[in-house]
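I opened this notebook to record what I looked up in one model, topic by topic. The entries follow the order in which I went through it.

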Amino acid sequence: MQLCLECGKVEEHADECPRRPPVPTTPAEKQKRVQKAMTVAQAVLDASATAAPKVAILKLLAAENLLERYPSRDLPGFAEKRSHNDLVTALGKKRGELETSSGAGHKFTEDAVFAKQAVSALFLQALRRAESRGFDRSALGRLPVSPVEGLTRPLKNVAADIGDRLEKSRGLDAQVRVWGWKNLGRLMLGLEPLDVPSELMGGVLGKLGVGKSTRRIELLGEFKKLGDQFRERLYLIAASSTILPVMSRLAVAEETWKKLTTKDGGAERWDRIKKDEKELLEYILDPDPSLPQGAEDVVSLLASNSRALVVLGLRPFEEIRGVDWEAWAKGYFLELHQMADGDMASGEFGTRKLARLLVEKRPGEGVDRDKIARVLQKLQEVWRSSPPDA
Ligand SMILES: [Zn+2]
């Protein structure tokens with residue numbers, strides 16, 4: 001198979017692909033690599049007379065690309081550079097002859113170049129769609145205050161809901177501040193406040209003569225509710241920052257496919273390839289009874305079985321511990337304060353990192369308590385040395 005099931009490239013690998021061969025660094029290594037490429041290309045040229053014409057064209061094209069990736073400039077002597085160039089010329093000439101003699105024409109070569117891009121783009125699109133579809137959002141349906149409904153909708157709709165909620169719950173930040181920093185820890189732990197700020201005790205009710213103890217009981221209830229709502233707000237912020245990269249990767253992949261099919265008659269070309277070019281698609285994807293028509297299904301299936309498919313999700317709200325919530329809230333207010341000061345380097349306190357560590361679920365990975373402990377400690381230290389203004 002010419003399609004890499006790790007990175008989705010055809011006949012080559014992306015920089016970050018685990019299957020990519022090590023990049024030669026020294027001149028000697030580079031030279032050796034070019035010589036090896038030339039040996040491969042020469043073998044392709046020699047075998048081209050006996051292969052089926054279309055397959056030979058595809059292999060010649062691949063050999064030409066290989067020599068382009070390993071160019072003659074990395075060879076030491078003039079004679080060697082010249083034999084590299086001669087080989088490139090011979091490959092192109094042979095391919096041209098085959099295009100003519102087989103009746104496939106140059107159009108076949110153009111189709112081949114396009115099909116490789118198309119399969120690559122479709123593979124990445126299928127991979128990103130599977131990531132988005134499979135994203136485990138079930139924890140959102142078990143939030144303690146107001147569970148998110150309609151979780152089977154596309155992830156982007158769920159994310160839009162979260163965005164709305166975050167917008168609407170913005171006012172909670174100010175309510176938390178009114179209770180003062182001394183009560184923040186207890187708010188996040190779900191305990192009663194250390195003391196009730198006097199400005200909350202007075203106000204309209206006081207003037208109306210409602211008893212102080214009634215007002216106090218009322219305020220304790222509000223404090224409890226505020227804690228629940230604010231924890232949920234923080235959780236949704238973290239959920240949102242876990243979901244957004246998944247959606248943005250999907251958007252990039254969909255855009256790539258769209259661009260490919262909307263320019264220069266791409267969609268028509270792809271339809272024609274799926275109708276007529278069995279050998280071409282088999283060369284890229286390996287033989288499959290559903291080729292060529294079923295190319296997109298074949299690619300989707302390959303993507304959904306790929307090791308590169310990493311389906312993320314959200315950890316349950318109730319698994320986050322009291323101490324985590326407390327430090328998280330402090331980090332959040334430190335960050336807000338910093339942003340209000342116009343200093344956007346807010347990653348410094350690691351709040352986003354903490355949110356990720358607590359909420360993002362990666363397959364086969366548990367909660368990294370050591371890492372979390374380090375971030376918590378850092379946040380508490382920063383808070384102690386310079387708490388934000390209340
Ligand atoms: Zn690869």
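**Domains.** I began with the domain assignment of the protein chain, which gives domain 1 (1-103) and domain 2 (114-390); such bounds come from an automatic or database domain assignment. I note that this is a predicted model, in which local features need pLDDT of at least 70 and side-chain atom pairs count only at pLDDT 80 or more, while totals for chains, interfaces and linings use all residues. Residues are numbered from 1 along each chain as its sequence is written. I then looked up the separation of the two domains and found their C-alpha centres 45 Å apart. Their contact takes 12 residues from domain 1 and 16 residues from domain 2, where two residues are in contact if their C-beta atoms, placed from the backbone, lie within 7 Å. On the side of domain 1 that touches domain 2, I recorded 6 nonpolar, 2 polar and 4 charged residues. The classes take Ala, Val, Leu, Ile, Met, Phe, Trp, Tyr, Cys and Pro as nonpolar, Asp, Glu, Lys and Arg as charged, and the others, Gly among them, as polar.

**Core.** Which residues have the most contacts inside the largest nonpolar core? I found Val119, Phe123, Ala239, Ile284 and Val299, in a core of 86 residues. A nonpolar core is a set of buried Ala, Val, Leu, Ile, Met, Phe, Trp, Tyr and Cys residues joined through C-beta atoms within 7 Å. A residue is buried if 20 or more other C-beta atoms lie within 10 Å of its own, exposed if 12 or fewer, and partly exposed in between, with C-beta atoms placed from the backbone. Helix 10 supplies the largest share of this core, 12 residues; helices (H or I, at least four residues) are DSSP runs, numbered from the N terminus. Domain 1 (1-103) and domain 2 (114-390) both give residues to the core, so it lies between them. For Ala239, leaving aside its neighbours within four places in sequence, I listed contacts with Leu140, Ile162, Leu314 and Val359. As background, I keep in mind that in soluble globular proteins nonpolar side chains tend to be buried together.

**Packing around helix 11.** The axes of helix 10 (residues 212-262) and helix 11 (residues 266-276) come within 5 Å and cross at roughly 90°. Axes are lines fitted to C-alpha atoms, for helices over the stretch in contact, and angles run from 0 to 180 degrees between N-to-C directions. Helix 10 and helix 11 are therefore roughly perpendicular to each other, a term that covers angles of 65 to 115 degrees. I found the contact made by Leu260, Thr261 and Thr262 of helix 10 and by Gly266, Ala267 and Trp270 of helix 11; by class it has 3 nonpolar, 3 polar and no charged residues.

I next checked helix 4 (residues 105-134), which packs with helix 11 at an angle of about 95°, their axes 10 Å apart. That makes helix 4 roughly perpendicular to helix 11. The residues in contact are Asp111, Phe114, Ala115 and Ala118 of helix 4, with Arg269, Trp270 and Ile273 of helix 11, and by class they comprise 5 nonpolar, no polar and 2 charged residues.

**Single residues.** Is Phe333 buried or exposed? Phe333, found in helix 14 (residues 322-340), counts as buried because it has 21 C-beta neighbours inside 10 Å. Thr50, in the loop between helix 1 (27-47) and helix 2 (53-69), has 7 such neighbours inside 10 Å and so counts as exposed. The C-alpha atoms of Thr50 and Gln338, 288 residues apart along the chain, are separated by 70 Å. Lys258 lies in helix 10 and is partly exposed, with 14 other C-beta atoms within 10 Å.

**Backbone geometry.** Most residues other than glycine have a negative phi, and most peptide bonds are trans. Pro292 lies in the loop between helix 12 (278-285) and helix 13 (295-304). Asp286, placed in the loop between helix 12 and helix 13, has a positive phi of about 75° although it is not a glycine; Asp286 is partly exposed, with 13 other C-beta atoms within 10 Å. Glu11, in the segment before helix 1, has a positive phi near 65°.

Key: Helix = DSSP H or I, 4+ residues; strand = E, 2+ residues; numbered from the N terminus. Parallel < 35°, antiparallel > 145°, perpendicular 65-115°, else oblique.
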